[in-house]
Amino acid sequence: FVIIRLNAKRGDKCMSLLESFLKYFIQPLLLAAVIAVLIRYFSRVRYERKTFRIAIDRDFYEGRHFLKNALSFFFIAAIVTVLSGVSIPEKTILMYQALGIIALLFGQAVDLSLTAVLATGLITLLCCQFDVRSFLLPDSLNQHFGFAILVLTALCAGFQVALAKEKETEWFTPRVKNGKRGRKIVGYYFREMTIVPLILLLPLRDGTQSAFFWPLSGISDVHFTLFLMPLLVATNVKTFKRSFSSSLRYYRRHKALQCGMGLLFSIIAAFVPKSSLILLLVMLLTELIFIVKQSAFDGKGQFWYVETSDGARVVAVKSGTPAAKMKLVPGDVILECNKVKISNADELYQALQKNSAYCHLLVKTMDGELKICESALYADAPHEIGIILFD
């Protein structure tokens, strides 16, 4: 009888774990993020087909990166949150998800994922300090609440550094617009997003439960509960006058600084809980300054991506094509094709017809250097070279 009872309790715990895992997938922020990823993919492909008459990359890399990064970051986040004992009230989690959805709505223009975490902590601390009551505010706060928010801030900033990999510049998507002098210009946007499941282990006294928490085990009168909290992590880097690598380096450098600040401030808040409000204000101010400085950084760069009459400017390169094998990159200017001097896209494709099996290009890079690019072409299909030009 004792063995059967123990097995029943173990079965209840497994069912509780399974239930909490399944309920994670109906969290509002997670569902909103999945919808945002789908919208981002279809809008990108539709825009590219409309502007360039072809989809530069039909691969659903937005969704693939979303899942891959979520799984990669999950294990790191689990170690940090469990070992540090991060504890956040249920109502605060609901508030964060509401602010996270708002951040998703503005995700095309500016990245507010870190701002959502900081705003959640500041609003909660300020309202509790001034005794403001709301259905989205907890009745009481643990003295280490500020520490928990700062740990999440450091995690979010650290994951943003990992998302903005300098080697993955092929994921910059082009946007063409008309310049002041009648020539077309192109800007490039790097947008990555994922939702990281955070494991929170929280104690509940006297076996009490709520709509979002489930008991895992009991030690005396304390029930430890598990909750999977969705953490929005996103990046938004745009460049009109800078190279991809320099824009990503600038972004990564500032996010690494914010990650370090978050770690340092969380240690301070752990020993001096009353300093949490000031520390969160400093972090929020740092984030707002960075958003402004990032735009100014690109504005001070040398303009490269503009339509030119001295050759054909490369706007984008399709992966897995002869152009990719020749290591052409956006911003390159093709001066000659198969020994024929060209000045626009039509002349380029006419020159390609001279040799349907091979392509020889003279190219000027963004640094003004000349290089020779050569590659075999697909038989009888020179249009498949994979170069995207101004239409």
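**From labels to cut-offs**

Analyst: Let's start with α5, where the buried residues are S113, L114, T115, A116, V117, L118, T120, G121, L122, T124, L125 and C127. Buried means under 20% relative accessible area, exposed means over 50%, and partly exposed lies in between (1.4 Å probe, protein chains only). This is a predicted model, in which local features need pLDDT of at least 70 and side-chain atom pairs count only at pLDDT 80 or more, while totals for chains, interfaces and linings use all residues. Residues are numbered from 1 along each chain as its sequence is written, and side-chain values use heavy atoms, leaving out hydrogens and water.

User: What makes α5 mostly covered?

Analyst: Of its 17 residues, 12 are buried. Helices (H or I, at least four residues) and strands (E, at least two) are DSSP runs, numbered from the N terminus. The protein chain holds 10 helices and 10 strands, and 50% of its 391 residues count as buried.

User: What follows α5, and what follows α2?

Analyst: After α5 comes D131, with a positive phi near 60°. After α2 comes R53, whose phi is also positive, near 60°.

User: Why are α5 and α6 called roughly antiparallel?

Analyst: Two packed helices are described by the angle between their axes and the distance between the axes. Axes here are lines fitted to C-alpha atoms, for helices over the stretch in contact, and angles run from 0 to 180 degrees between N-to-C directions. Angles under 35 degrees count as roughly parallel, over 145 as roughly antiparallel, 65 to 115 as roughly perpendicular and the rest as oblique. Helix α5 (residues 113-129) packs on helix α6 (residues 145-163) at about 175°, with the axes 9 Å apart, and the pair is therefore roughly antiparallel.

User: Which residues make that contact?

Analyst: From α5 they are S113, L114, V117, L118, G121, T124 and L125, and from α6 they are F145, I149, L152, T153, C156, A157 and Q160. Contact means heavy atoms within 4.5 Å.

User: How many of them are nonpolar, polar or charged?

Analyst: There are nine nonpolar, five polar and no charged residues. Ala, Val, Leu, Ile, Met, Phe, Trp, Tyr, Cys and Pro count as nonpolar, Asp, Glu, Lys and Arg as charged, and the others, Gly among them, as polar.

User: What makes α6 mostly covered?

Analyst: In α6, 17 of the 19 residues are buried. Its reach from first to last C-alpha is 27 Å, close to the 27 Å expected.

User: Why does C128 get one accessibility label and C359 another?

Analyst: C128 has 28% relative accessibility, so C128 counts as partly exposed. C359 has 0%, so C359 counts as buried.

User: Where is I267, and why does I267 get its accessibility label?

Analyst: I267 is in helix α7 (residues 244-271), and its 48% relative accessibility makes I267 partly exposed.

User: What makes K327 and K339 exposed?

Analyst: K327 has 65% relative accessibility and therefore counts as exposed; K339, at 66%, counts as exposed too. K327 sits in the loop between α9 (322-325) and β6 (333-337), with a positive phi of about 60° although it is not a glycine. K339 sits in the loop between β6 and β7 (340-341), with a positive phi near 70°.

Technical notes:
Expected span 1.5 Å × (residues − 1).
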